[in-house]
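Please read the following report alongside the sequence and the coordinates, which are shown first. The sections then go through the aromatic residues, the cores, the helices and the domains in turn.

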Amino acid sequence: MLQAVADMQLSESYGRVDVPKQLVIKKDASTISDGVVEVGLNLPLVAKPLVADGSEKSHQLSLAYDKYSLQKLEPPLVLQEFVNHGGVMFKVFIVGEAIKVVRRFSLPNVSMREVLKNAGIYRFPRVSHAAASADDADLDPHVAELPPRPLLERLAKELRRRLGLRLFNLDIIREYGTRDQYYVIDINYFPGYGKMPEYEHIFTDFLLGLVQSKYKKRTTY
């Protein structure tokens with residue numbers, strides 16, 4: 001699904017949207033180091049399990065600081081280059097045509113000094129769960145500013161068309177120190193909408209719209 005974002009090459013006056021450079025490892029952990037070198041991934045790397053069963057393990061992230069520790073990871077997983085983003089991510093909920101954005105605390109920035117000084121794998125539990133809301137936090141305005149609405153609308157429209165989905169969410173970050181460089185780091189289809197503000201009204205309107213459109217199609221025949 002992230003490949004669909006990369007294929008869009010979305011760049012306009014409101015900003016540019018990319019995905020971090022990434023590598024999928026399906027089986028053998030001993031091949032990870034060679035794969036990272038071959039693809040040209042830069043440390044540190046975020047490791048995400050490919051398991052999508054809703055378990056705690058499926059939400060666990062790991063941050064790898066050196067290539068020698070990569071073989072300690074457990075495939076299947078995806079490795080992504082870590083992009084500094086001020087410790088805040090934007091969770092974008094999409095329900096049909098409706099879009100809602102919330103702020104969530106995320107992994108903090110990592111300096112080059114930390115990369116050189118640290119080694120090993122650092123594991124993090126659920127990073128972007130509802131309890132990690134950053135909507136009411138006292139944040140740097142440059143970090144807290146939401147992505148432009150027109151940019152999100154175009155992104156959502158294109159992904160609906162390319163993926164054939166109407167119910168999904170995006171995890172988006174803004175590269176720290178930039179104003180308009182965004183990365184989609186995760187896409188979830190049919191996510192839990194209990195975290196989305198006003199989800200009852202939005203979801204009800206979405207279902208009613210589906211029923212009404214089907215009814216109209218029937219009456220035209």
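This is a predicted model: local features need pLDDT of at least 70, side-chain atom pairs count only at pLDDT 80 or more; totals for chains, interfaces and linings use all residues.

Leaving aside neighbours within four places in sequence, Phe203 is in contact with Val95, Leu167, Phe190 and Tyr193. One of these, Leu167, is 36 residues away from Phe203 in sequence, while the two C-alpha atoms are 9.7 Å apart in space.

The rings of Tyr193 and Phe203 have their centres 5.7 Å apart and their planes at 45°, so this pair counts as tilted. Tyr193 belongs to the loop between S11 and helix H6 (199-219), whereas Phe203 is in helix H6 itself, and the two are 10 residues apart. Tyr193 is buried, its relative accessible area being 7%.

## A second aromatic contact

The count of aromatic pairs comes to four. Among them is the pair of Tyr65 and Tyr122, whose ring centres are 5.3 Å apart and whose planes stand at 80°, so the arrangement is edge-to-face. This pair links distant parts of the chain, with Tyr65 in the loop between strand S5 (61-64) and strand S6 (77-81), and Tyr122 in strand S9 (residues 121-124), 57 residues apart. Tyr65 is buried, with a relative accessible area of 9%, whereas Tyr122 is partly exposed, at 36%.

## The nonpolar cores

The largest nonpolar core holds 25 residues, of which Leu155, Leu159, Leu170 and Val184 touch the most other members. At least two residues of this core are supplied by each of helix H1 (2-8), strand S7 (88-95), strand S8 (98-105), helix H5 (149-163), strand S10 (167-174) and strand S11 (181-189). The largest share, five residues, comes from H5.

Leu170 illustrates how these elements meet: apart from neighbours within four places in sequence, Leu170 is in contact with Phe90, Lys91, Val92, Ile94, Leu155, Leu159, Asp186 and Ile187. Another core, of 13 residues, lies apart from the largest one, and its members include Ala29, Ile32, Ala47 and Leu70.

## Helix H5

Leu151, Leu152, Leu155, Ala156, Leu159 and Arg160 are the buried residues in H5. They cover an arc of only 160° around the axis, and therefore lie on the same side of H5. An α-helix has 3.6 residues a turn, so residues three or four places apart point the same way. The face of H5 turned away from the buried side carries the exposed residues Lys157 and Arg161.

Leu163 also has its place in helix H5 and, at 24% relative accessibility, counts as partly exposed. Not counting residues up to four places away in sequence, Leu163 touches Met1 and Ala4. Leu163 and Ala4 are 159 residues apart along the chain, yet their C-alpha atoms are separated by 7.6 Å. Just after H5, Gly164 takes a positive phi of about 70°.

## Helix H2

In helix H2 (residues 32-39), Ile32, Gly35 and Val36 are buried. The arc that they cover around the axis is only 100°, which puts them on the same side of H2. The cover over the buried residues of H2 includes strand S3 (22-25), strand S4 (45-49) and S6. On the face of H2 turned away from its buried side are the exposed residues Asp34, Val37 and Glu38. Gly40 follows H2 and has a positive phi, near 85°.

## Domains

The domain assignment of the protein chain gives two segments of interest here, namely domain 1 (1-18 + 83-109 + 125-211) and domain 2 (21-82). Taken over C-alpha atoms, the centres of domain 1 and domain 2 are separated by 23 Å.

Notes: Residues are numbered from 1 along each chain as its sequence is written. Side-chain values use heavy atoms; hydrogens and water are left out. A nonpolar core is a set of buried Ala, Val, Leu, Ile, Met, Phe, Trp, Tyr and Cys residues joined through side-chain atoms within 4.5 Å. Buried means under 20% relative accessible area, exposed over 50%, partly exposed in between (1.4 Å probe, protein chains only). Helices (H or I, at least four residues) and strands (E, at least two) are DSSP runs, numbered from the N terminus. Contact means heavy atoms within 4.5 Å. Domain bounds come from an automatic or database domain assignment. The arc is that of the directions from the helix axis to the C-beta atoms. Rings of Phe, Tyr and Trp (its six-membered ring) pair if their centres lie within 6.5 Å; planes under 30 degrees apart count as stacked, over 60 as edge-to-face and the rest as tilted.
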